[in-house]
Amino acid sequence: MKKGLCLLAMLASTMMLWAQKDIVDLKIEVRADYQREYMDGESIEENCGFRGKYLNMAISGNINDHFSYSWRQRFNKMIGPEGSSFFDATDWAWLAYNIKDFEISAGKQVVGIGGYEYDRAPIDLYFCSEFWNNVACYQFGVSGAYSFNEGKDKLMFQFCQSPFRNHESAWNPADKNGKVRNLDMYAYNLMWYGNHGIFSSIYSVNMMEYAPGRFINYISLGNKFTFNRVSLELDFMNRATSHQTFFFKDMSIIGELSWKPIDCLNVFGKVSYDVNNTDNNDYYVMPGTDMTRLGCGVEYFPLRNGRHDIRLHANYCHTFGKNGNTESVLGDNHSMFDLGVTWKFDVLKIAKK
């Protein structure tokens with residue numbers, strides 16, 4: 001934490017020197033909640049009470065007409081004492097080069113997997129699917145993107161470290177001290193972002209090594225429909241290991257319906273369904289899983305003029321079914337009630353003249 005605070009102070013000083021020629025946007029994001037969790041009607045005491053959920057620093061900007069950067073650091077994420085790095089609490093830190101409709105970026109990035117639940121920032125989510133709760137979604141890599149159709153479509157290819165590279169498994173067991181090796185494994189991701197009137201999309205096909213030379217493949221289809229003050233997000237993901245082509249056996253389906261009756265109020269309902277009826281080496285939704293999560297909530301934004309810098313929320317969800325992962329946060333007859341506040345404020349914002 002001390003290293004992070006010193007780095008933040010140095011960064012702020014450097015930004016003041018760059019102010020004459022660069023665009024700088026430095027934000028702090030905080031979310032704190034009061035929650036109650038129950039399993040089979042009994043409260044889970046260690047998960048009840050007030051919780052500091054997120055403390056993030058986010059900075060982005062342009063170095064010149066071609067180079068841009070973005071960095072988000074999560075200060076409430078613990079870093080282990082041995083074999084760890086300051087980057088363990090870094091969501092992303094990348095540098096991009098843009099020329100016309102092409103962009104190349106390198107650094108720590110969001111792993112290119114489709115779907116709107118997956119794409120949304122964690123601070124803006126309250127209860128999520130089994131897949132979301134387990135996926136390691138930030139990895140080092142490189143990517144290239146091409147925008148076309150007047151910016152309505154974008155294709156991106158990404159080559160990055162596999163999210164399974166340090167996952168404990170039969171291929172990578174922990175040692176006697178509970179430490180897991182970082183294996184030399186990679187992921188190959190192709191994504192399409194579309195924006196066409198009432199319909200938007202985040203689609204991907206993915207090949208990820210779960211063991212050296214062995215791949216699990218994703219087809220992930222994120223769909224969003226917007227009608228004035230109503231929006232519907234529908235995500236579908238199918239997963240299969242190499243040489244297996246079956247569909248609908250190992251999959252996740254997530255749907256969220258939102259309605260904004262007035263600018264400062266958002267009401268939503270959400271459902272997720274994760275199932276794995278295979279013997280796949282799927283470490284995020286394990287074999288034997290058949291879980292459903294249902295919930296609803298409300299968000300209130302007290303500031304005027306459509307500003308979302310401050311947000312109050314309340315939500316409730318209930319989960320039922322069976323989970324092949326006995327250590328997962330999702331379990332049968334699990335309920336959660338949550339109240340909280342989020343605030344996002346600018347520390348430094350400088351626009352190039």
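**Close-up views of a predicted model**

Buried residues account for 43% of the 353 residues in the chain, and the model shown here is a predicted one.

**View 1. The whole chain.** Let's start with the overall fold, in which the chain has three helices and 17 strands. Its radius of gyration is 21 Å, close to the 20 Å from the globule rule for 353 residues, so the chain is as compact as a globular protein of that length. The C-alpha trace spans about 60 × 50 × 45 Å along its principal axes. Of the contacts with a separation of 6 or more, 56% are between residues 24 or more positions apart.

**View 2. The largest nonpolar core.** This core holds 22 residues, and I113, Y118, F131, V135, F164, M208 and Y218 have the most contacts inside it. Strands β10 (199–211) and β11 (214–227) each supply at least two of its residues, with β10 giving the most, three residues. Another core lies apart from this one and has 11 residues, including V24, I28, L348 and I350.

**View 3. Around Y118.** Which residues does Y118 touch, not counting those up to four places away in sequence? They are V110, V111, I113, F131, W132, V135 and C137.

**View 4. The second largest pocket.** About 570 Å³ of space lies in this pocket. It is lined by 25 residues, and R120, E256, S258, N266 and E299 are the closest to its centre. Two or more lining residues come from each of α2 (116–119), β11, β12 (230–241), β13 (250–262) and β14 (265–276). By type, the lining divides into 12 charged, seven nonpolar and six polar residues.

Terms used:
Residues are numbered from 1 along each chain as its sequence is written. This is a predicted model: local features need pLDDT of at least 70, side-chain atom pairs count only at pLDDT 80 or more; totals for chains, interfaces and linings use all residues. Side-chain values use heavy atoms; hydrogens and water are left out. A nonpolar core is a set of buried Ala, Val, Leu, Ile, Met, Phe, Trp, Tyr and Cys residues joined through side-chain atoms within 4.5 Å. Buried means under 20% relative accessible area, exposed over 50%, partly exposed in between (1.4 Å probe, protein chains only). Helices (H or I, at least four residues) and strands (E, at least two) are DSSP runs, numbered from the N terminus. Contact means heavy atoms within 4.5 Å. On a 1 Å grid over the protein atoms alone, a cavity is a set of points where a 1.4 Å probe fits but cannot get out, and a pocket is an open set with protein on both sides within 12 Å along at least five of seven lines; lining residues have an atom within 4 Å of a point. Grid points are joined across faces, edges and corners, and a volume is the space filled by probe spheres set on the points. Ala, Val, Leu, Ile, Met, Phe, Trp, Tyr, Cys and Pro count as nonpolar, Asp, Glu, Lys and Arg as charged, and the others, Gly among them, as polar. The radius of gyration is taken over C-alpha atoms; the globule rule is 2.2 Å times the number of residues to the power 0.38.
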